Amino acid sequence: MAWRDSFLKLFGTGLLGGATLGDWLRVLRENRFAVAPSCWLRACAITTHSFQNSFFRRVENLRFGSRVRETPIQPPLFLLGHWRQGTTHLHNLVTVDDRFAFPNNYQVFFPHAFLTTEALSARAIGFFLPKRRPMDNIEWNMRSPQEDEFALGVTSLMSPYFGWMFSRRREHYDRYLTFRDVPEAEIKRWKEAFVWFLKKLSWKYKRPLVLKSPTHTCRIRLLLEMFPDAKFVHIHRNPYAVFPSSKRTLQVCFQMNRLQDPRLNELDDQVFLTYRELHDVFFAERNLIPKERFHEMSFEKLEEDPIGEMKRMYRALSLPDFSHVEPALRKYVDSIAGYKKNEFPDLSEDLRERIATEWRRCFDEWGYAV
């Protein structure tokens, strides 16, 4: 229903709905409390939530802290790819397999206290959530697989997604895409926050985790430092299709998270810059992954033959027996047969030329026609 979208634009807590009071005040201080008047309702909602988040984090640490600390993390499976290249579709396919676990919507937005509060709060919060994602109409709910990047933003306060909220300091937060120009002390804190979140999930599920965040595409070196036995899948897509879809996603993310007026006139440049930066680092670091633990696929082939492509992925990475999940996977594929992707106007000749020029390596790398 449309009222849910309107409600989230006005009152939705966005990325910081799960922040503690101390962290929320710290973020406000770092941004000089510069919240646009049109976003004061969102700021008030975040403040209200932050009190209960602080309380339940203490409760959760007392109840589960020692057990979580002792929990090992099994080697994760990371799904890599730029935004709008099919990572969500791939994530939904892989997580059909009940031998894996994954962070869901509730857990990534309330990482400090989900072990304590999810059973009671997820249904209530889910009532206010649109039944489909605003950027692409994919069905979702509080139990749907979601990016762990949201949890890392809440727990470490280091994520490029914070630029959606505080656009005046977007360049500051953009450093956290690759972490290449970030001090070691901050990287250490980010790693600790990541490990703690995954330990909580591992304690809850006792299964290997499937993790999907486009941001991880350019953090391979860091991920291997933490999880040397991890496996990786990278999905790519025609750059001409990625550009308008990425721009649309950014517009929605600004609407749902902003605490300052976004710099919408810079959207094209931001999409171009992020795409180049992410892929430059990906190409520089992908060879760090042992060949037997890396698999690459195209969105176009996955869309055309999802069962065949998934079977090839399982075989390439020596994942558990594919026959176990194949019936459930076929049922899921049948259930989304009627899904229709967003349609966008044809790109102008100038824009096509800029995409072809600035993203040329990706066209050449994966054989897409310019």
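## Sheet

Two strands count as paired if DSSP finds at least two bridges between them. In this predicted model, strand 1 (residues 77–80) and strand 2 are joined by three bridges and run parallel. Within this pair, L77 lies opposite V210 of strand 2.

The pair belongs to an open sheet of four strands, ordered 2-1-3-4, with parallel pairing. Strand 2 (210–212) and strand 4 (294–298) are the edge strands; each has a single partner strand, so one side of each lacks a neighbour in the sheet. On average, neighbouring strands of the sheet are turned by 20° against each other, direction ignored.

## Helix 2

Helix 2 spans residues 21–30, and its residues D23, W24, V27 and L28 are buried. Viewed down the helix axis, the buried residues of helix 2 fall within an arc of 135°, so they line one face of the helix. These buried residues pack against three elements: helix 3 (40–69), helix 7 (149–156) and helix 8 (170–174).

Just after helix 2, R32 adopts a positive phi of about 55°.

## Helices 14 and 15

Helix 14 (residues 306–316) and helix 15 (residues 326–335) have axes that come within 10 Å and cross at roughly 145°. The crossing of the two helices is right-handed.

From helix 14, the contact involves P306, I307, M310 and K311; from helix 15, it involves E326, L329, R330 and V333. By class, the residues of this contact are five nonpolar, three charged and no polar.

How values were computed. Residues are numbered from 1 along each chain as its sequence is written. This is a predicted model: local features need pLDDT of at least 70, side-chain atom pairs count only at pLDDT 80 or more; totals for chains, interfaces and linings use all residues. Side-chain values use heavy atoms; hydrogens and water are left out. Axes are lines fitted to C-alpha atoms, for helices over the stretch in contact, and angles run from 0 to 180 degrees between N-to-C directions. Buried means under 20% relative accessible area, exposed over 50%, partly exposed in between (1.4 Å probe, protein chains only). The arc is that of the directions from the helix axis to the C-beta atoms. Contact means heavy atoms within 4.5 Å. A crossing is left-handed if the near helix is turned anticlockwise from the far one by less than a right angle, and right-handed if clockwise. Ala, Val, Leu, Ile, Met, Phe, Trp, Tyr, Cys and Pro count as nonpolar, Asp, Glu, Lys and Arg as charged, and the others, Gly among them, as polar.
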